[in-house]
Amino acid sequence: MSASFESLNNAVILRELDPDVESLLARLEIHDEIDSTNQALLVDDSSVAGKLSVCLAEYQSAGRGRRGRSWVAPYGGGLCFSVGWQFERQPSDLTALALAAGVVIRRALHEETGVDAKLKWPNDLVFDDKKLGGVLVELRAESRGPCHVVVGVGINVSIPSAQLGRIASSLNGAVDLFTATGGRQTSRNVLAARLIEGLSRMLFSYADDGFSTYLSDYCEIDYLRGRPVSLDDSSCPVSGLAVGVDDSGALLVDTGASVERIVAGDVSVRLVA
Ligand code: BTN
C-alpha cells in the first residue's frame, strides 16, 4: 500500500502559510517539471532584499545533491523545493547555515508528522538509520555586495520501495515519510507551508542571530554524536569518535590524540564489532 497522491498546489500552500511569512514572499512557484529548483533560484536575478522566493517541483530532471551528486525522486514522490534569500552582506556564520536549516526542517517535520528524525552532519535527515531527506545550500555572492543563498530541501515522502533501494546513501539506505509515520499520509502542501515558515524565520534572523541560537537544538538531534566515524575522502583521513559540533558548525572528532575540526566532507559511521 502507498499514500494516495496529492498534487502540489499554490493556493493550498498560501492558505496554510502564516500571514507574517506570506507577507515576506516575493514569489511562490510550482513546476510540474524543472531541472533543479536550486538552479532556478540561483540564476534568478530578480530577487529582492528582505523577500523570499520559493520554487517547488513535482519532478526534477537534474536534481542536485551535495558534493556533485544527483538527487533523484520520482514524480510527486518527494517534497522538493528551494527557498531563495538575499543577505545584505555575507553573514559570518554562513558555513553553518545548512545546519541551522536542518534544525528548523527537522523541527517542522516533527511538529507536522510526529517523525523523530535526527541530523547527520552536515545535512542529512535520518530516520531509523536511513536517509529521509537532505539539505543543499548554494550561494551566489558578490564581493562586498549582497549574498544570495538558496536552501534546497528534498524529503522522501512516498516512494516505492524498489526506487528507495536505488537511492544512494552513506547511511543504511533510504526511507520515506510514509514508512516513517507507520503508513500515514502526509499532506505535501501543508508540510511545505510549515517548512517554508521555519526556513523564512530562520533566514530572516540569521544575519543577527547566527548559528549559536540553533546549537543546543542541534546537539539534541545530532545523529553522529558518540558514534565512531571516518572521513576518508580528504587528503588527510580522520577516524575517531564524533563529539558534536562547534559554534561555527564544524564537526568535532576525537581521534584519541586530539579533537579535530572538520569543516567539509562525507562522514561514514564505522560499525563497532
Ligand atoms: C543531499 O542530501 O545531498 C542534498 C539534497 C538536496 C535536494 C534538494 S531537492 C530540491 C533542491 N533542488 C535541488 O536540485 N536539490 C535540492
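A residue is called buried under 20% relative accessible area, exposed over 50%, and partly exposed in between, computed with a 1.4 Å probe and the protein chains only.

The structure on screen is a predicted model, in which local features need pLDDT of at least 70 and side-chain atom pairs count only at pLDDT 80 or more, while totals for chains, interfaces and linings use all residues. Residues are numbered from 1 along each chain as its sequence is written, and side-chain values use heavy atoms, with hydrogens and water left out.

**Stop one: the ligand**

Colour the model next by helices and strands, which are DSSP runs numbered from the N terminus (H or I for helices, at least four residues; E for strands, at least two).

A nitrogen atom of the ligand lies 2.9 Å from a polar side-chain atom of glutamine 60, and an oxygen atom of the ligand is 2.7 Å from a polar backbone atom of arginine 66. For lysine 131, an N or O atom in the side chain is 2.5 Å from an oxygen atom of the ligand. The protein buries 98% of the 420 Å² that the ligand exposes when taken alone, areas that come from the Shrake-Rupley method with a 1.4 Å probe; for residues, only the protein chains shown count as cover.

Stay on lysine 131, which belongs to strand E6 and is buried, with a relative accessible area of 15%. Its side chain also has a polar contact of 2.5 Å with the side chain of aspartate 124.

**Stop two: the aromatic rings**

Show the rings of Phe, Tyr and Trp (its six-membered ring), which pair if their centres lie within 6.5 Å, with planes under 30 degrees apart counted as stacked, over 60 as edge-to-face and the rest as tilted. The count by this rule is two aromatic pairs. In one of them, tryptophan 85 and phenylalanine 204 have ring centres 6.1 Å apart and planes at 70°, so this pair is edge-to-face. It links distant parts of the chain, since tryptophan 85 is in strand E3 and phenylalanine 204 in helix H7 (residues 188-209), 119 residues apart. Tryptophan 85 is buried at 6% relative accessible area, whereas phenylalanine 204 counts as exposed at 54%.

The rings of phenylalanine 211 and tyrosine 218 have centres 6.4 Å apart and planes at 65°, so they too are edge-to-face, and both residues are buried.

**Stop three: two points where the chain meets itself**

Select glycine 102 in helix H4 (residues 97-113), which counts as buried at 4% relative accessibility. Between glycine 102 and isoleucine 221 there are 9.9 Å in space, C-alpha to C-alpha, and 119 residues in sequence.

Move on to serine 212 in helix H8 (residues 212-220), which counts as partly exposed at 48% relative accessibility. The C-alpha atoms of serine 212 and aspartate 247 are separated by 5.7 Å, although these residues are 35 apart along the chain.

**Stop four: the backbone**

Arginine 67, in the loop between strand E2 (52-60) and E3, has a positive phi of about 50° although it is not a glycine. Finish at aspartate 129, in the loop between E5 and E6, where phi is positive at about 65° although this residue is not a glycine.

Conventions. A polar contact is a pair of N or O atoms within 3.5 Å; within protein, one must be able to donate a hydrogen and the other to accept it, and residues adjacent in sequence count only if both atoms are side-chain atoms.
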